[in-house]
Amino acid sequence: IGGMGDSDDDDEIKIGLLAYDPGSAPQGTAQQQAAELAVSDLNDDGGVLDEDVELLVADTQGSSSTASDRYLEFVVEENVDVTAGVFVTEVMTALMSDIADHQTVHMSGGHTSPTIAEMLADDYEQYKYQFRPYGNATRWIESISDLAAHMQEEEDWDQVAILCEEFEWTQSFTNALPDLLEDAGLEVVYNERYPADTENFTPLFDNIEGEDADAVVMAQAHSAGPAMIQWRDEEREFSICGQISQIVDPGSYEAFDGDNQYAISNAPAVHTADLSEHTTAFAERYNDEFDVYPNDAFSYATYDGIMMWAEVVEELGTTDSEEVVPALADASYVGTRGRIEFNDEDHEYPHDAKFGEDYLRRINFQWQEEDDGEGLQQVIHPEDLATSEYQEPEWF
Amino acid sequence: MVDIVGIAANTIILGSLYALIAVGFTLVFGVAGQANLAHGATITIGAFTAWFVAGWGGGVWIGLLAGTVAGAVFHVLLYQVFVRHIDDPINVLILTLLAWFVIEYSFRAGIGSEPRSVPSLLAGSTSIGSVSLLYNNLLIFVLSWVFIGALFVFVNHTKRGQAIIATSMNEKGAALVGIKTGDITLLTWGVAGLLAGSAGVLYGSFRAASYDMGMTPLVLAFAIVILGGIGSIRGSLVAAYIIGFLEVFTTSAISPRLSGMTALLVVVVVLLVRPTGLYGRELPA
Amino acid sequence: MLSVSDLSVSYGKVTALDGVDLDVPSGETIGVIGPNGAGKSTLVDTIGGFLDYEGSITYRGLEVSETDTPTLIENGLFYCTERRDLFGQMSVEQNLRLGSYLNDEGEDERLEEVFDLFPRLEERRSQEAESLSGGEQQMLSLGRGLMSDPEFLVLDEPSIGLAPVVLDDISEALTSIQELDVTILLCEQNLTFALEHADRLTLLENGTVQRSGTTAELQSDELVESYIGG
Amino acid sequence: MSTHTTQSAHDEAQTTDILRLEDVTKQFGNVTAVDNLSFSVSEREILGFIGPNGAGKSTTFDCVSGTMAPTDGEIYYRGENVTGVPQHALVEKGIARTYQTFRPLNDRTVLENIALSQMPNSLFSFADFRADTEQRAREICEQVGLGDVVDQTPDELPHAGMLRLEIGRALGTDPDLLLVDEPFAGLTSDEIDRTADLFTSLREGGMTLVVIDHNMHGLLDLVDRVIVISFGEKIAEGTPAEIRDDPTVQEAYLGGEI
Amino acid sequence: MTQVDLEPRYVVGIVCFIGLISAPFLLPILTLRQLTAALFLGMFAMSWDYVSGYTGQLSFGHSMFFGIGGYTAAVLNLELGLTPVLAILVGTIAAGIAGLAVGFPALRLEGPYLALITLIAPLVLVQIVNIFPGTLGGDAGLPSPAGLVSVDEPIGILSTIGFETVFVHETIVYYYLALALFLAIYALFYVFTRSYVGSIFTAIHEDEDAVRSVGINAAKFKVFAFTMSGTVGGLAGAAFVHTAGEPNPGEILSIVVSIEVVLVSILGGMGTITGPAAAGIVYYFVRDALQTSSLTIPVLDATVGHISMALFFAIALLVLFFLPKGALPWVTEWSRDILERRSQRSESPS
Ligand SMILES: Nc1ncnc2c1ncn2[C@@H]1O[C@H](COP(=O)(O)OP(=O)(O)OP(=O)(O)O)[C@@H](O)[C@H]1O
Ligand SMILES: Nc1ncnc2c1ncn2[C@@H]1O[C@H](COP(=O)(O)OP(=O)(O)OP(=O)(O)O)[C@@H](O)[C@H]1O
Ligand SMILES: [Mg+2]
Ligand SMILES: [Mg+2]
């Protein structure tokens, strides 16, 4: 079977990035910026395999058919050496068969559903070209449960609620998180899922308050806007933490007009956290370049993914995917958030990055207001990385 | 544990908001007979206008005014430039749908896909027993009743209001009694624009403004008008509260996962039993 | 009051009126008669401003093509069309009240007058117009027109579908309206009815005027006889 | 001569009723449009059905033709109880009707309007009906006097043309019983005569007709027998001559005129 | 020399047919692949037009049929290992049953009332899919089921005529599969709508009472229209997930798909079958061309690609506004005018 991604006959290294609405949506924009920075860093360093690196960017429009069309243009017409990006899980699921057909390495940068890794577990040979240098959402609940345990000590959190958008990636929050929390000595008093287009949180919050929860763990990617606004306006008597993708965006404080103040979210990194020796430097450089701090896995992981691939290729001396895949699977690379190593083929989630003290970690930050009125993402947990104390909402 | 007072309070607030969102749509669709799907866009325009104005330091109340006016201007333009030249109601429906998409995607390209918050019109809250009520929500309640009441009187008890209905039923007949049908329909669109624009501001302050915020209110408005029965403002009002109640009740007492679905399924069942909605008139043959 | 000169109207390729001249002096009743498809309804619709035409129609000095229908109505015109054009899902009373849209002074009294004329309508006052019987609809259409207190009536086949007794009533009503010096243009198929009311008659056929003259002159005209019969 | 026909038709009535109404009532809310109405129609008769405006004539047609079900009472067609049978099924049994307010299909020509009545009421039919139907439709157009305008659309037709179209479409279903609602409205006497001739020839061909109209000249000359209703109730029944002279009918319906 | 007098529209039809048949030899391979997807959009649009364009029973939720067909087939293949052909068959039947089920409310409900019911159906289905992410894949969709025919090895004949890789071969095979289905559906609908059935459908659109009054059971025909439309829509949906597409909400179930289908049909010309079929293809490529365009628009300082969706819908709006009956009827009329003028001109000298 002749793959197409391994052709080396052009004199440039080409990277194809599939981004969602770059220039408009924060996720796609972040991916594009990170990829640009990576490519310019590589070129400053003399390119890869002594060739210039070129970045191609395509908009997936969030649609799987568009993404597939653009992907094929990359691998069939442009003969790119590696692809990166993708944010919407639906798009990624659909793209997996194209990636398998065209056997070109893909360094993911945004989607978080465990299903993608499960596809590798089911049929490694077919899907092994996909790598996810930030793991999937099932691994984040440990970090969140640690935060809750910490808050139990510090702030007397005893009873927590769980509230998740109806998505595949939030399954672990609904199913596995309660056990972790109970193990840590907290009581889960409420656990519900809701459709992602929900806009009215009042009845939900009424119920959570009715259960006397001290905090709610939320897993949401779409509905943070109304949730934050109603939480604040209605002066709810509980804290919010969890995985709230929209407030991880460094630009969100402005977009939300500060409505996300006091909210806590889990994140792969924020620019204030010293996850590795590179984190802050990278974030500052990024900020100098684009006037915004890096956003979530979209920025950090896209950058790391490309750099890691380049390092492996440089070592191997070829971009041939059949050689790059095993090399990447074994590689160890220190990126902007720590050491990246991938789970092996027999793991439950092959090619997702490993988590742990020596590998990637997750942090919990809180949006706090600075004296100048600007918002800042302050790390409050884990303690060794904390940059600030937890602040209680002013209306408590 | 089902909190009856909470459910009642939330139903009243939500029902009022829905009623406010739906009345403008009812006026154009139910009364004047044109399905204006750009109603969704008007809501978005209202909300973002208020957000802009508030952002420039104009304050939300000026924002409310500006959003209301912007809604009316948009409607008047849409009607004068396009809709008045179209005879086929299906084409009106599709054209307004397209207009909505144009607006929606323009906002996405211009402002981005992240939600923006429109400040509350009134800060603070009061509490009745265990339930706390935001002043902003009370305002929504009051405003929606004022608007709907005014509309009800206008349509049923003024000549001009009757002329709107007459025009929708038989344009030639309306001309025969001296009604300037073009002006009347324009008036209808303008008034509906005012209502939708202000609904957009309130909706934005209750939730958030985003480029695709028009979808949910539009589906709701459509469902409300149909459930209430085309042509009946009273029907729309009752339907808005029914849908509000079903949503609140399902969320609080059954499961939030089913909240969107229950209301819609109830609409289906009601229609199968009463094909012209709760208070609907037969469609013209 | 109304003068039509060299009027031609066509629907696409079909020419419905061709060079029609007609004068309706103030206070008189002009009958327009003719077989089916002669162009009577077309004439009425054109006068009402619903169709494009060549030639000229002036009503009280207003050229119809430059005036919209409501303005003509404002100037005392009133039509009763062949298709009636009622407001289907409105009640009888609402239909009638809209008849005085431009002039609601004395509305209630006029409503009573219309009900006196057509007691059937009073019985059905809150029924939807659409569900009225054919004859009732015809009454409503006439009644709605009378609500505007018009000075010039254009009637397209008012006798159609009415029971003989009702026709008698309408005939009487028309006579009393005529006594008020209202100008009337009466398009009719029913010659008996037309002869009874018209001062002058115009016979249309295939869109052109065949005969025109006083009722007495035309009563014995053979062409009129042959088309309209007894 | 004409009295003779009437007489014989009347004699057979007992045995060969094609249609029989028994205590039919139709209410709309609290309006009783048809009130305990009973009458029967004999085979090959032309029955006049008259009454003041709003008497319930069209509504009676609605009930008989299956447009709407009566509130109460029974309708028998050829001895079979057909109360509440839907219209399309009644058409198959042989009952057709015309409407007082026209219902043309404005998107197609006169010929195609009439051809609709020739179409099979089944989803899959491979019979070679196309040429056939068109031929039959043309014949019907000729028969009702639309031969010259087959390619026009209904809105180009004058009033009389619409009427003919309405009759043509009903004829297309090959009915045995034809209910005609106000066929003379708006016609000149010349045209009335022609239409009446058509009805007579249809009867010669074996059809039974019930005709509603307010034009007494036209109607009374045509029909064999008349039924008069007022406020939904039968007030008189008899030959045209009898009806003309009936004082109740004169007062309720005819007025002083005739 | 004898001259065959073909009506121009048949000439156009034959040219298009030949063009479609020879497309693999004329188009770049990726364009061919897009054309495959575009053919499916055309099929979806035809299935809508058959019921809504002809009988006037507006459906705003036709994606329910594509979705039911596609999801049923995909789940049967993925979970139970049914062969694609069987899975497609069952999916088609399931969608047909859904069509039947929607047909019945259509007997009682009219116009906007019916439109709402059809709109609600896919909205609820999307939520159901989200509630059962395990079997239905939730928001993320299901992974691709097995291909209708699996092309793992290069195909001999195709290699000999110069097509190289397996990907190309697979694309060509799927293209012809889609084309065959497209033509079959087109022929089926064409035959039905040009027969008396089509004429009854349009009569129902005009005046249902008139239809009943000539002895035709309008209800039966309406239910039939929905059932057949659902069946064909389901077939297209099921075939789609086994060839060109993916079983996820955005492709075959979401309300956006329903709306697109309505748009395509109306822009192409409602009640023509040909119009929606052709418009489906044009729609796909116009949108794609706008999305990938990197032209900068001077005043706005944005690329066409960036505002492509707003631009795309603005164009659609103008098309609808100026051609209210849709593109096909306009083209037909316009060409008839030209032909008439030409024949007049050629007559006049003689
Ligand atoms: N909308 C139309 N399109 C095309 N032709 C039309 C239209 N309306 C009327 N016509 C034609 O114009 C001519 C005049 O019709 P019109 O209705 O004015 O006659 P009329 O004298 O009122 O007849 P009737 O006594 O039947 O009402 C007829 O030949 C008719 O076919
Ligand atoms: N849907 C309805 N709702 C209420 N009343 C109705 C309805 N349909 C008919 N009617 C009433 O029933 C009565 C009988 O109507 P119908 O149409 O049968 O009269 P008709 O005898 O045919 O009169 P015409 O000669 O004027 O046509 C009328 O008074 C009418 O207003
Ligand atoms: Mg006329
Ligand atoms: Mg009648």
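Lys and Arg count as positive and Asp and Glu as negative, while His and the chain ends are not counted. The place of a charge is taken as NZ of Lys, CZ of Arg, CG of Asp or CD of Glu. On this basis, chain A carries 14 positive and 91 negative side chains, and the centres of the two sets are 3 Å apart.

The model is predicted, and local features need pLDDT of at least 70, side-chain atom pairs count only at pLDDT 80 or more, and totals for chains, interfaces and linings use all residues. Residues are numbered from 1 along each chain as its sequence is written, chains are lettered from A and ligands numbered from 1 in the order in which they are written, and side-chain values use heavy atoms, with hydrogens and water left out.

The overall form of chain A may be considered next. Its radius of gyration, taken over C-alpha atoms, is 21 Å; this agrees with the value near 21 Å for a compact globule of 396 residues, by the rule of 2.2 Å times the number of residues to the power 0.38.

Attention now turns to the metal site. The magnesium ion (ligand 3) is coordinated by S41(C) through OG and by E82(C) through OE and OE, at 1.8 to 2.7 Å; donors are N, O and S atoms within 2.8 Å of the metal (3.2 Å for Na, K and Ca), and sites may look incomplete because water is not among the atoms. S41(C) counts as partly exposed because its relative accessibility is 21%, and E82(C) likewise counts as partly exposed, at 23%.

Conventions:
Buried < 20%, exposed > 50% of the residue type's maximum accessible area, 1.4 Å probe, protein only.
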